[in-house]
Amino acid sequence: MKVRAKKALGQHFLTDLDIAKRIAETIETPQLPVSAKQWGEIPIVEVGPGMGVLSQFLMQTGREVKAVELDTESVEFLHKVFPALEVIEGDFLKMDLKEIFKGDFALIGNYPYNISSQIFFKVLDSREQIPVVAGMLQKEVAQRICSKPGSKVYGILSVLLQAWYDCEYLFDVAPGVFNPPPKVTSGVIRLTRNSREVLGCDEKLFKNIIKTSFGQRRKTLKNSLASLIPVNSSLWQSPILARRPETLSVEEFITLTKDIESQS
(Lines give C-alpha, C1' and ligand atoms only; values in the text may rest on other atoms or scores of the structure.)
Protein backbone atom coordinates (compact mmCIF):
# COMPACT_ATOMS: atom_id res chain seq x y z
CA MET A 1 0.00 0.00 0.00
CA LYS A 2 1.26 3.46 -0.92
CA VAL A 3 -0.12 6.94 -0.47
CA ARG A 4 -0.71 9.11 -3.50
CA ALA A 5 0.98 12.50 -3.14
CA LYS A 6 -1.57 15.27 -3.36
CA LYS A 7 -0.55 18.56 -4.91
CA ALA A 8 -3.25 20.48 -3.02
CA LEU A 9 -1.66 19.41 0.27
CA GLY A 10 1.88 20.25 -0.86
CA GLN A 11 2.95 16.62 -0.43
CA HIS A 12 6.40 15.48 -1.55
CA PHE A 13 7.32 12.23 0.18
CA LEU A 14 10.94 11.83 1.27
CA THR A 15 12.33 8.47 0.10
CA ASP A 16 15.94 8.61 1.36
CA LEU A 17 16.18 6.85 4.73
CA ASP A 18 19.63 8.26 5.51
CA ILE A 19 18.34 11.81 5.19
CA ALA A 20 15.24 10.95 7.23
CA LYS A 21 17.51 9.65 9.99
CA ARG A 22 19.61 12.84 9.87
CA ILE A 23 16.48 14.97 10.20
CA ALA A 24 15.27 12.91 13.17
CA GLU A 25 18.64 13.44 14.85
CA THR A 26 18.35 17.23 14.65
CA ILE A 27 16.30 17.29 17.86
CA GLU A 28 18.46 14.79 19.75
CA THR A 29 20.74 17.06 21.77
CA PRO A 30 19.84 20.75 21.53
CA GLN A 31 21.09 23.19 24.13
CA LEU A 32 17.89 24.04 25.94
CA PRO A 33 17.41 26.97 28.30
CA VAL A 34 18.03 26.20 31.96
CA SER A 35 14.32 26.65 32.66
CA ALA A 36 13.29 23.96 30.17
CA LYS A 37 12.37 20.44 31.22
CA GLN A 38 14.96 17.73 31.10
CA TRP A 39 15.20 16.96 27.40
CA GLY A 40 14.38 13.28 27.74
CA GLU A 41 10.97 14.12 29.18
CA ILE A 42 9.81 16.26 26.28
CA PRO A 43 7.53 14.42 23.83
CA ILE A 44 7.85 14.84 20.06
CA VAL A 45 5.11 16.10 17.76
CA GLU A 46 5.54 15.47 14.05
CA VAL A 47 3.60 17.51 11.50
CA GLY A 48 2.68 15.89 8.19
CA PRO A 49 4.16 12.39 8.62
CA GLY A 50 2.87 11.17 5.24
CA MET A 51 4.05 7.55 4.96
CA GLY A 52 6.11 7.67 8.15
CA VAL A 53 9.63 7.83 6.73
CA LEU A 54 10.63 10.26 9.51
CA SER A 55 8.22 8.82 12.10
CA GLN A 56 10.00 5.46 12.22
CA PHE A 57 13.23 7.08 13.38
CA LEU A 58 11.46 9.34 15.87
CA MET A 59 9.81 6.29 17.42
CA GLN A 60 13.24 4.74 17.97
CA THR A 61 14.17 7.51 20.41
CA GLY A 62 11.98 5.95 23.09
CA ARG A 63 10.16 9.22 23.63
CA GLU A 64 6.44 9.79 23.30
CA VAL A 65 5.68 10.62 19.65
CA LYS A 66 2.46 12.06 18.27
CA ALA A 67 1.90 12.64 14.57
CA VAL A 68 -0.56 15.17 13.17
CA GLU A 69 -1.82 14.35 9.68
CA LEU A 70 -4.56 15.98 7.61
CA ASP A 71 -4.63 13.47 4.74
CA THR A 72 -7.06 10.62 5.45
CA GLU A 73 -5.21 8.25 3.11
CA SER A 74 -1.96 8.86 5.00
CA VAL A 75 -3.70 8.34 8.34
CA GLU A 76 -4.99 4.93 7.19
CA PHE A 77 -1.50 3.98 5.97
CA LEU A 78 0.15 5.00 9.25
CA HIS A 79 -2.36 3.03 11.32
CA LYS A 80 -1.60 -0.12 9.30
CA VAL A 81 2.18 0.21 9.01
CA PHE A 82 2.96 1.88 12.37
CA PRO A 83 0.21 0.72 14.76
CA ALA A 84 2.20 1.93 17.79
CA LEU A 85 2.32 5.51 16.49
CA GLU A 86 -0.30 7.86 17.92
CA VAL A 87 -1.78 9.65 14.90
CA ILE A 88 -4.02 12.67 15.31
CA GLU A 89 -6.08 13.35 12.20
CA GLY A 90 -6.60 17.06 11.66
CA ASP A 91 -5.23 20.39 10.53
CA PHE A 92 -2.27 21.43 12.68
CA LEU A 93 -2.87 25.10 11.83
CA LYS A 94 -6.39 24.96 13.30
CA MET A 95 -5.53 23.07 16.47
CA ASP A 96 -5.54 24.56 19.95
CA LEU A 97 -2.18 23.16 20.99
CA LYS A 98 -2.68 23.85 24.69
CA GLU A 99 -5.79 21.68 24.72
CA ILE A 100 -4.38 18.85 22.65
CA PHE A 101 -0.80 18.75 23.94
CA LYS A 102 -0.30 19.16 27.66
CA GLY A 103 3.02 20.73 28.56
CA ASP A 104 6.12 21.21 26.43
CA PHE A 105 6.86 19.34 23.22
CA ALA A 106 9.45 19.36 20.44
CA LEU A 107 8.05 20.01 16.97
CA ILE A 108 9.48 18.36 13.87
CA GLY A 109 8.38 17.50 10.37
CA ASN A 110 8.97 17.43 6.67
CA TYR A 111 6.65 20.41 6.53
CA PRO A 112 4.23 20.78 3.62
CA TYR A 113 5.74 23.49 1.40
CA ASN A 114 2.47 25.33 0.92
CA ILE A 115 1.93 26.02 4.64
CA SER A 116 5.48 26.05 6.07
CA SER A 117 5.48 29.78 6.86
CA GLN A 118 2.07 29.50 8.55
CA ILE A 119 3.38 26.65 10.70
CA PHE A 120 6.21 28.83 11.99
CA PHE A 121 3.86 31.72 12.73
CA LYS A 122 1.84 29.25 14.81
CA VAL A 123 5.05 28.20 16.57
CA LEU A 124 5.48 31.83 17.62
CA ASP A 125 2.03 31.84 19.19
CA SER A 126 2.89 28.67 21.13
CA ARG A 127 6.53 29.43 21.90
CA GLU A 128 6.11 28.80 25.64
CA GLN A 129 5.17 25.20 24.80
CA ILE A 130 7.75 24.54 22.08
CA PRO A 131 11.39 24.77 23.20
CA VAL A 132 12.70 23.12 20.02
CA VAL A 133 11.55 23.16 16.40
CA ALA A 134 13.32 21.24 13.65
CA GLY A 135 12.64 19.87 10.23
CA MET A 136 12.65 20.40 6.52
CA LEU A 137 11.02 23.02 4.33
CA GLN A 138 11.80 24.76 1.08
CA LYS A 139 15.31 26.19 1.14
CA GLU A 140 14.14 29.75 0.44
CA VAL A 141 11.97 29.84 3.57
CA ALA A 142 14.57 27.99 5.65
CA GLN A 143 17.24 30.53 4.70
CA ARG A 144 14.87 33.42 5.40
CA ILE A 145 14.19 32.14 8.92
CA CYS A 146 17.89 31.81 9.72
CA SER A 147 19.26 34.83 7.83
CA LYS A 148 20.98 37.70 9.61
CA PRO A 149 20.59 41.50 9.24
CA GLY A 150 21.96 42.73 5.93
CA SER A 151 20.84 39.69 3.97
CA LYS A 152 18.50 40.14 1.03
CA VAL A 153 16.22 37.41 2.41
CA TYR A 154 16.13 38.76 6.01
CA GLY A 155 12.51 39.60 6.69
CA ILE A 156 9.43 39.31 8.88
CA LEU A 157 9.87 35.65 9.84
CA SER A 158 13.59 36.21 10.51
CA VAL A 159 13.01 38.95 13.08
CA LEU A 160 9.94 37.50 14.77
CA LEU A 161 11.43 34.02 15.19
CA GLN A 162 14.92 35.18 16.14
CA ALA A 163 13.44 37.31 18.90
CA TRP A 164 12.56 34.06 20.69
CA TYR A 165 14.70 31.32 19.10
CA ASP A 166 18.31 30.65 18.13
CA CYS A 167 17.99 29.61 14.48
CA GLU A 168 20.40 27.27 12.69
CA TYR A 169 20.46 26.28 9.01
CA LEU A 170 21.80 22.70 9.03
CA PHE A 171 21.91 21.22 5.52
CA ASP A 172 20.43 21.13 2.02
CA VAL A 173 18.26 18.33 0.62
CA ALA A 174 18.20 17.84 -3.16
CA PRO A 175 14.90 17.38 -5.07
CA GLY A 176 15.84 13.88 -6.28
CA VAL A 177 15.21 12.19 -2.91
CA PHE A 178 11.48 12.94 -2.99
CA ASN A 179 8.50 11.38 -4.72
CA PRO A 180 7.37 13.37 -6.59
CA PRO A 181 10.49 15.59 -6.77
CA PRO A 182 9.76 19.23 -5.90
CA LYS A 183 10.97 21.98 -8.21
CA VAL A 184 13.10 23.49 -5.45
CA THR A 185 15.89 22.47 -3.10
CA SER A 186 14.90 21.92 0.52
CA GLY A 187 16.67 22.94 3.72
CA VAL A 188 16.77 21.48 7.22
CA ILE A 189 16.81 23.87 10.17
CA ARG A 190 16.67 23.80 13.97
CA LEU A 191 15.25 26.48 16.25
CA THR A 192 16.08 26.37 19.95
CA ARG A 193 14.23 28.59 22.40
CA ASN A 194 16.49 31.31 23.79
CA SER A 195 16.40 32.69 27.33
CA ARG A 196 14.26 35.73 26.49
CA GLU A 197 11.10 35.82 28.60
CA VAL A 198 9.73 39.23 27.60
CA LEU A 199 10.45 41.68 24.80
CA GLY A 200 10.35 44.71 27.07
CA CYS A 201 8.03 46.48 24.65
CA ASP A 202 4.48 46.21 23.35
CA GLU A 203 4.51 42.93 21.38
CA LYS A 204 1.55 43.88 19.18
CA LEU A 205 3.26 47.12 18.18
CA PHE A 206 6.55 45.24 17.67
CA LYS A 207 4.85 42.90 15.17
CA ASN A 208 3.10 45.80 13.45
CA ILE A 209 6.37 47.72 13.04
CA ILE A 210 8.13 44.70 11.57
CA LYS A 211 5.33 43.83 9.16
CA THR A 212 4.89 47.44 8.09
CA SER A 213 8.64 47.94 7.63
CA PHE A 214 9.19 44.84 5.51
CA GLY A 215 5.97 45.44 3.61
CA GLN A 216 7.86 48.34 2.02
CA ARG A 217 11.40 47.00 2.42
CA ARG A 218 12.90 49.22 -0.30
CA LYS A 219 11.89 52.33 1.59
CA THR A 220 13.64 53.80 4.60
CA LEU A 221 11.90 53.41 7.94
CA LYS A 222 11.18 57.13 7.92
CA ASN A 223 8.85 56.57 4.97
CA SER A 224 7.43 53.15 5.75
CA LEU A 225 6.62 53.94 9.40
CA ALA A 226 5.30 57.47 8.84
CA SER A 227 1.78 56.49 9.91
CA LEU A 228 3.02 55.18 13.28
CA ILE A 229 5.02 58.23 14.40
CA PRO A 230 3.40 61.53 15.49
CA VAL A 231 4.12 64.47 13.19
CA ASN A 232 5.76 66.54 15.93
CA SER A 233 7.79 63.66 17.40
CA SER A 234 11.48 64.16 18.16
CA LEU A 235 11.96 60.61 16.87
CA TRP A 236 12.05 61.95 13.30
CA GLN A 237 15.63 63.03 13.96
CA SER A 238 16.76 59.52 14.89
CA PRO A 239 19.42 58.06 12.55
CA ILE A 240 17.70 54.67 12.69
CA LEU A 241 14.83 56.00 10.58
CA ALA A 242 17.21 56.68 7.70
CA ARG A 243 17.91 52.94 7.42
CA ARG A 244 16.08 50.16 5.61
CA PRO A 245 14.44 47.36 7.64
CA GLU A 246 16.80 44.58 6.53
CA THR A 247 19.70 46.34 8.28
CA LEU A 248 18.13 46.27 11.76
CA SER A 249 18.81 43.54 14.31
CA VAL A 250 16.14 42.14 16.61
CA GLU A 251 17.44 44.31 19.45
CA GLU A 252 17.25 47.43 17.26
CA PHE A 253 13.65 46.65 16.34
CA ILE A 254 12.87 46.28 20.05
CA THR A 255 14.52 49.64 20.79
CA LEU A 256 12.64 51.27 17.91
CA THR A 257 9.37 49.85 19.22
CA LYS A 258 10.06 51.27 22.68
CA ASP A 259 10.84 54.69 21.16
CA ILE A 260 7.65 54.76 19.09
CA GLU A 261 5.63 53.49 22.05
CA SER A 262 6.94 56.34 24.21
CA GLN A 263 5.82 58.91 21.62
CA SER A 264 2.24 57.74 21.32
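Is Lys-207 buried, partly exposed or exposed? At 29% relative accessibility, Lys-207 counts as partly exposed, where buried means under 20% relative accessible area, exposed over 50% and partly exposed in between (1.4 Å probe, protein chains only). The structure described here is a predicted model, in which local features need pLDDT of at least 70, side-chain atom pairs count only at pLDDT 80 or more, and totals for chains, interfaces and linings use all residues. Residues are numbered from 1 along each chain as its sequence is written, and side-chain values use heavy atoms, with hydrogens and water left out.

To stay with the opening residue, Lys-207 lies in helix α8 (residues 203-215). Helices (H or I, at least four residues) and strands (E, at least two) are DSSP runs, numbered from the N terminus. Leaving aside neighbours within four places in sequence, Lys-207 is in contact with Asp-125 and Leu-160; contact means heavy atoms within 4.5 Å. The C-alpha atoms of Lys-207 and Thr-61 are separated by 37 Å, and these residues are 146 residues apart along the chain. In the loop between α8 and α9 (221-224) comes Gln-216, which is partly exposed, with a relative accessible area of 30%. From Gln-216 to Phe-82 the distance is 48 Å, C-alpha to C-alpha, for a pair 134 residues apart in sequence.

The strands come next. Seven of them form an open sheet with mixed pairing, in the order β4-β3-β2-β5-β6-β9-β7; two strands pair if DSSP finds at least two bridges between them. At the edges stand β4 (86-89) and β7 (165-173), and each has a single partner strand, so one side of each is left without a neighbour in the sheet. From one strand to the next, the twist averages 20 degrees. Such angles run from 0 to 180 degrees between N-to-C directions, and axes are lines fitted to C-alpha atoms, for helices over the stretch in contact.

Strand β9 (residues 186-193) pairs with β6 (residues 132-138) in the antiparallel sense over seven bridges. Within this pairing, Met-136 has Val-188 of β9 as its bridge partner, and Leu-137 has Gly-187 of β9. Strand β9 also pairs with β7, again in the antiparallel sense, over eight bridges, and Tyr-165 stands opposite Arg-193 in β9. How many residues of β9 are buried? Eight of its eight residues are buried, so that the strand is mostly covered. In a regular strand the side chains alternate between the two faces of the sheet. In β9, Ser-186, Val-188, Arg-190 and Thr-192 point one way, while Gly-187, Ile-189, Leu-191 and Arg-193 point the other way, and all are buried.

Helix α3 (residues 72-81) lies across β3 (65-69) and β4, running at about 165 degrees to β4. Helix α5 (residues 116-125) packs on the sheet and touches β2 (44-47), β5 (106-110), β6, β7 and β9, and its direction makes about 165 degrees with that of β6.

The structure holds four aromatic pairs; rings of Phe, Tyr and Trp (its six-membered ring) pair if their centres lie within 6.5 Å, and planes under 30 degrees apart count as stacked, over 60 as edge-to-face and the rest as tilted. One of these is the tilted pair of Phe-101 and Phe-105, with 5.1 Å centre to centre and 55 degrees between the planes. Phe-101 and Phe-105 are both buried. Tyr-111 and Phe-120 form an edge-to-face pair, 5.6 Å centre to centre, with 75 degrees between the planes, and both Tyr-111 and Phe-120 are buried. Ring pairs also link Tyr-154, Phe-214 and Phe-253 into a cluster.

Arg-22 lies over the face of Phe-171, at 3.7 Å from the ring centre, and the charged end of Lys-211 sits over the ring of Phe-121, 5.9 Å from its centre.

What of the cysteines? A search of the whole structure finds zero disulfides, a disulfide being a pair of cysteine sulfur atoms within 2.5 Å. For Cys-146, the closest cysteine sulfur is in Cys-167, 5.2 Å away, which is too far for a bond. Cys-146 counts as buried at 11% relative accessibility. Cys-201 is in no disulfide either, and the nearest cysteine sulfur, that of Cys-167, is 18 Å away. Cys-201 is buried, with a relative accessible area of 15%.

Note on methods:
Lys NZ or Arg CZ within 6 Å of the ring centre and 35° of its normal.
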